[in-house]
Amino acid sequence: MAQIKTKFINEADNITKELLEGYVLAYKDKVALGGENIVVRATPKSEDKVAVITLGGSGHEPALSGFVGDGMLDCSVVGDIFAAPGAQRLFQALQLFKREAGILLIVLNHSGDIMSANMACQLAERVGIKVKKIITHDDMSAGIGAADEDRRGLAGCIPLMKIVGAAAEEGKSLDELIEIGERFNKQVATLAVAMGSCTHPQNGATISDLPAGVMEIGMGQHGEGGGGRQPLVSADDTAEQMISILMQQIEPVAGDKVLLYINGVGAATHMEMSIIFRKAYQILTEKGIDVVDGKIQELLTVQEQSGFQMILGKLDADHVDLLKNKEANAPYWTTIGK
């Protein structure tokens with residue numbers, strides 16, 4: 001029996017190629033294809049400045065290619081649906097951006113991404129390409145205080161890309177970018193909740209089996225379970241549970257400045273996300289914590305997954321300045337405000 005189609009696609013094997021072609025056609029003043037599955041800035045940055053590159057699977061749009069542009073990423077290397085790009089493709093991108101100033105490679109902590117990044121960096125070292133990595137590990141599903149290597153990379157990578165991208169645009173060195181980025185990386189945490197599964201767009205397979213009326217706190221980037229199933233509760237109760245865990249991780253105190261983002265992962269409405277944001281914001285401000293940067297938007301999705309990610313980051317003064325820098329011109333950063 002023929003598979004019933006549930007998405008507006010053509011041939012399943014061509015999804016990544018065709019979505020990237022459409023994307024760069026829509027935003028041709030900002031982005032272009034620098035090779036197969038390699039998205040680059042339409043106007044290259046000066047070679048005396050550090051290039052900022054990332055990698056990751058498709059199926060999470062607008063991440064990560066939606067944040068390629070002036071003042072953010074120089075390049076995104078794209079894999080197939082929910083899959084890391086191969087090391088050779090990443091190496092090709094590193095070769096494109098070889099420069100004396102060096103390359104900062106931002107890698108989300110997922111096994112495939114880490115493997116490709118390590119292999120590509122080894123190849124780069126052999127031909128004299130200067131590259132250093134930041135590995136993001138903001139996911140809180142492994143528990144408060146869990147080791148970095150046990151924490152997956154979620155949408156907390158997006159504000160990090162804005163921070164280091166702005167710093168690179170200002171002409172800061174590779175070592176300075178590492179210091180700025182790692183300082184933020186230690187101060188950001190993300191927790192995801194789901195109340196309905198996504199499907200794999202190439203084969204229609206359901207990623208998880210959440211029944212109606214149940215939510216799961218700790219969902220992974222591809223819809224993987226996090227072990228925290230419970231009956232669905234109100235928006236306020238959900239927000240309170242999640243912000244409490246995030247605050248225990250990064251330990252903000254009265255007077256601290258923070259960012260609070262609600263990232264929709266595919267099927268959550270802005271109505272729901274706004275109600276969640278409201279409660280989390282109230283809890284923070286009641287404790288004297290200053291929310292200086294707030295966003296409610298789809299940043300990194302999981303197809304039609306029902307749920308959201310809550311991102312809380314403690315900001316140093318330079319992080320605030322770099323987040324508020326007006327030079328960012330990546331297609332999906334400019335749509336959510338500066």
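Analyst: Leu64 sits in the loop between E3 and E4. The model is a predicted one.

User: Where is Pro62 placed, and what is the omega of the peptide bond from Glu61 to Pro62?

Analyst: Pro62 is placed in the loop between strand E3 (51-58) and strand E4 (75-81). The bond from Glu61 to Pro62 is cis, and its omega is near 10°.

User: Why is Asn37 called buried?

Analyst: Its relative accessible area is 11%. Buried means under 20%. Asn37 is therefore buried.

User: And what makes Glu251 exposed?

Analyst: The relative accessible area of Glu251 is 55%. Exposed means over 50%, so Glu251 is exposed. Its place is the loop between helix H6 (235-250) and strand E10 (257-264). Glu251 also has a positive phi, about 55°, although it is not a glycine.

User: How do you know that Val31 is buried?

Analyst: Val31 has a relative accessible area of 2%. The cut-off for buried is under 20%, so Val31 is buried. Val31 belongs to strand E1 (residues 31-35).

User: Which residues is Val31 in contact with, leaving aside neighbours within four places in sequence?

Analyst: They are Tyr23, Val24, Val39, Val40, Arg41, Ala42, Val68 and Pro331. Take Ala42: it is 11 residues from Val31 in sequence, and the two C-alpha atoms are 4.3 Å apart.

User: Why is Thr136 called buried?

Analyst: The value for Thr136 is a relative accessible area of 2%. Buried means under 20%, so Thr136 is buried. Thr136 is in strand E6 (residues 131-136). With neighbours within four places in sequence left aside, its contacts are Ile106, Val107, Leu108, Asn109, Arg151, Arg152, Gly153, Cys157, Leu160 and Asn185.

User: What makes Tyr281 partly exposed?

Analyst: Tyr281 has a relative accessible area of 34%. Buried means under 20%, exposed over 50%, and partly exposed in between. Tyr281 is therefore partly exposed. Its place is in helix H7 (residues 270-286). Neighbours within four places in sequence aside, Tyr281 is in contact with Leu260 and Val291.

User: Now the helices. Why are H4 and H8 called roughly perpendicular?

Analyst: The axes of helix H4 (residues 157-169) and H8 cross at roughly 90° and come within 8 Å. Angles of 65 to 115 degrees count as roughly perpendicular. H4 and H8 are therefore roughly perpendicular to each other. H4 brings Pro159, Lys162, Ile163, Ala166 and Ala167 to the contact, and H8 brings His319, Leu322 and Leu323. By class, the contact of H4 with H8 has 6 nonpolar, 1 polar and 1 charged residues.

User: What makes H5 roughly perpendicular to H8?

Analyst: The crossing angle of helix H5 (residues 174-185) and helix H8 (residues 317-324) is roughly 100°, and their axes come within 11 Å. The range for roughly perpendicular is 65 to 115 degrees, so H5 is roughly perpendicular to H8. Ile180, Arg183 and Phe184 of H5 meet Asp318, His319 and Leu322 of H8. The contact of H5 with H8 divides into 3 nonpolar, 1 polar and 2 charged residues.

User: Last, the largest pocket. How many residues line it, and which lie nearest its centre?

Analyst: The lining has 14 residues, and Phe8, Ile9, Ile15, Leu19 and Gln303 lie nearest the centre. The space in this pocket is about 290 Å³.

User: How does the lining of the largest pocket divide by class?

Analyst: There are 6 nonpolar, 4 polar and 4 charged residues in the lining. Helix H1 (residues 15-26) gives the largest share, 3 residues.

How values were computed. Residues are numbered from 1 along each chain as its sequence is written. This is a predicted model: local features need pLDDT of at least 70, side-chain atom pairs count only at pLDDT 80 or more; totals for chains, interfaces and linings use all residues. Side-chain values use heavy atoms; hydrogens and water are left out. Helices (H or I, at least four residues) and strands (E, at least two) are DSSP runs, numbered from the N terminus. Buried means under 20% relative accessible area, exposed over 50%, partly exposed in between (1.4 Å probe, protein chains only). Contact means heavy atoms within 4.5 Å. On a 1 Å grid over the protein atoms alone, a cavity is a set of points where a 1.4 Å probe fits but cannot get out, and a pocket is an open set with protein on both sides within 12 Å along at least five of seven lines; lining residues have an atom within 4 Å of a point. Grid points are joined across faces, edges and corners, and a volume is the space filled by probe spheres set on the points. Ala, Val, Leu, Ile, Met, Phe, Trp, Tyr, Cys and Pro count as nonpolar, Asp, Glu, Lys and Arg as charged, and the others, Gly among them, as polar. Axes are lines fitted to C-alpha atoms, for helices over the stretch in contact, and angles run from 0 to 180 degrees between N-to-C directions. Angles under 35 degrees count as roughly parallel, over 145 as roughly antiparallel, 65 to 115 as roughly perpendicular and the rest as oblique.
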